[in-house]
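This briefing is meant for a reader who is meeting the structure for the first time. It takes up a few topics in turn, with the sequence and the model shown just below.

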Amino acid sequence: MAVNVIVLIKRVPDTETRIQIKDGKVVTDGISWIISPYAEYAVEEALRLIEKYTGKVTLLCLGPADAKETIRKGLALGADDAVHLNDPAFDGGDATTTAVVLAAALKKMQYDVILAGKQAVDEDNAQVAVRVAELLDLPHVNSVIKLELSDDKKSARCTREVDGDRDIAETSLPAILTAQQGLNEPRYPSLKGIMGAKKKPVTDWQAADLGLDPAMIGANGAKL
């Protein structure tokens with residue numbers, strides 16, 4: 001039975017980039033952007049699932065136009081296609097509004113499993129995936145270091161690392177699962193993958209496509 005996996009990815013500054021501040025804001029000129037490292041574990045796990053069960057991996061990313069380059073990096077790893085949530089109305093948002101936009105997009109998509117990083121390395125909120133799960137009324141398991149699907153793909157067994165120990169959480173599917181370091185070792189893109197990524201489809205959605213009121217999202221709807 002094939003598995004449809006959606007991976008939530010975020011564009012963040014390279015962790016080796018020297019961050020500079022001017023007028024109270026981060027200077028973005030000259031910054032190298034990457035997929036948040038925890039989201040890379042999520043992408044790798046998604047690819048391993050479809051290698052085992054067949055299926056499709058779709059990346060979902062909220063970010064400015066420049067985030068296309070980061071999305072292509074994920075496609076180069078082996079993801080099949082992507083949805084880019086790209087609208088000035090999304091700018092200046094926080095975890096609350098980001099979750100609202102992502103949840104609205106996911107309502108238009110089909111999935112068996114949604115994977116994400118346990119947190120993004122820029123703001124370290126560790127809130128977005130949990131909030132999306134609540135908005136969609138889906139079960140959620142965080143900080144997963146081992147993932148096993150049942151034979152009928154209707155449930156998953158997740159090993160979690162908690163306070164230096166481990167516990168097991170079983171959940172029905174679909175569910176949102178967040179990846180922790182140790183889940184796998186992310187692969188490097190091949191030359192064939194890099195070239196092929198240029199031809200893979202990336203769909204752009206704006207607030208109007210999701211039926212969202214600009215007054216409720218982005219900087220307008222942010223709680224922080």
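A search of the whole structure, which is a predicted model, finds zero disulfides.

**Nonpolar cores**

- The largest nonpolar core has 41 residues, and within this core Val 7 and Leu 115 are the residues that touch the most other members.
- Two or more residues of this core come from each of the strands β1 (3–9), β6 (55–62), β8 (113–117), β9 (140–149), β10 (155–162) and β12 (175–179), and also from each of the helices α1 (37–53) and α2 (67–77).
- Among these elements, α1 gives the most to the core, with ten residues.
- Another core, of 29 residues, lies apart from this one, and its members include Ile 6, Leu 106, Ile 114 and Ala 207.
- When neighbours within four places in sequence are left aside, Val 7 is in contact with Ala 39, Ala 42, Val 43 and Ala 46, with Val 57, Thr 58, Leu 59 and Leu 60, and with Leu 115.

**The helices α3 and α4**

- Which angle do the axes of helix α3 (residues 95–106) and helix α4 (residues 128–136) make? They cross at roughly 50° and come within 8 Å of each other.
- The two helices are therefore oblique to each other, and α3 passes α4 in a right-handed crossing.
- On the α3 side, the residues that meet α4 are Ala 95, Thr 96, Thr 98, Ala 99, Val 100, Leu 102, Ala 103 and Leu 106, while on the α4 side they are Val 128, Arg 131, Val 132, Leu 135 and Leu 136.

**Two residues in loops**

- Gln 180 lies in the loop between β12 and α5 (191–197), where it counts as buried because its relative accessible area of 13% is under 20%.
- Not counting residues up to four places away in sequence, Gln 180 touches Tyr 38, Tyr 41, Lys 118, Ser 143, Val 144, Ile 145 and Glu 161.
- Pro 64 is found in the loop between β6 and α2, and with 37% relative accessibility Pro 64 counts as partly exposed.
- The contacts of Pro 64, leaving aside its neighbours within four places in sequence, are with Arg 11, His 84 and Asn 86.
- Pro 64 and Ala 175 are 111 residues apart in sequence, and their C-alpha atoms are 27 Å apart in space.

**Backbone features**

- Most residues other than glycine have a negative phi, and most peptide bonds are trans.
- The peptide bond that joins Leu 173 and Pro 174 is cis, with omega at about 5°, and Pro 174 is found in the loop between β11 (165–172) and β12.
- Asp 124, although it is not a glycine, has a positive phi of about 55°; Asp 124 is found in the loop between β8 and α4 and is partly exposed, with a relative accessible area of 43%.
- Ser 143 also has a positive phi, near 55°, without being a glycine; Ser 143 is found in strand β9 and counts as buried at 12% relative accessibility.

Methods:
Residues numbered from 1 in each chain as written. Predicted model: local features only at pLDDT ≥ 70, side-chain atom pairs only at ≥ 80, totals over all residues. Heavy atoms only, no water. Core = buried A, V, L, I, M, F, W, Y, C linked by side-chain atoms within 4.5 Å. Buried < 20%, exposed > 50% of the residue type's maximum accessible area, 1.4 Å probe, protein only. Helix = DSSP H or I, 4+ residues; strand = E, 2+ residues; numbered from the N terminus. Contact = heavy atoms within 4.5 Å. Disulfide = S-S within 2.5 Å. Axes fitted to C-alpha atoms, helices over the stretch in contact; angles between N-to-C directions. Parallel < 35°, antiparallel > 145°, perpendicular 65-115°, else oblique. Left-handed = near helix turned anticlockwise from the far one by under 90°.
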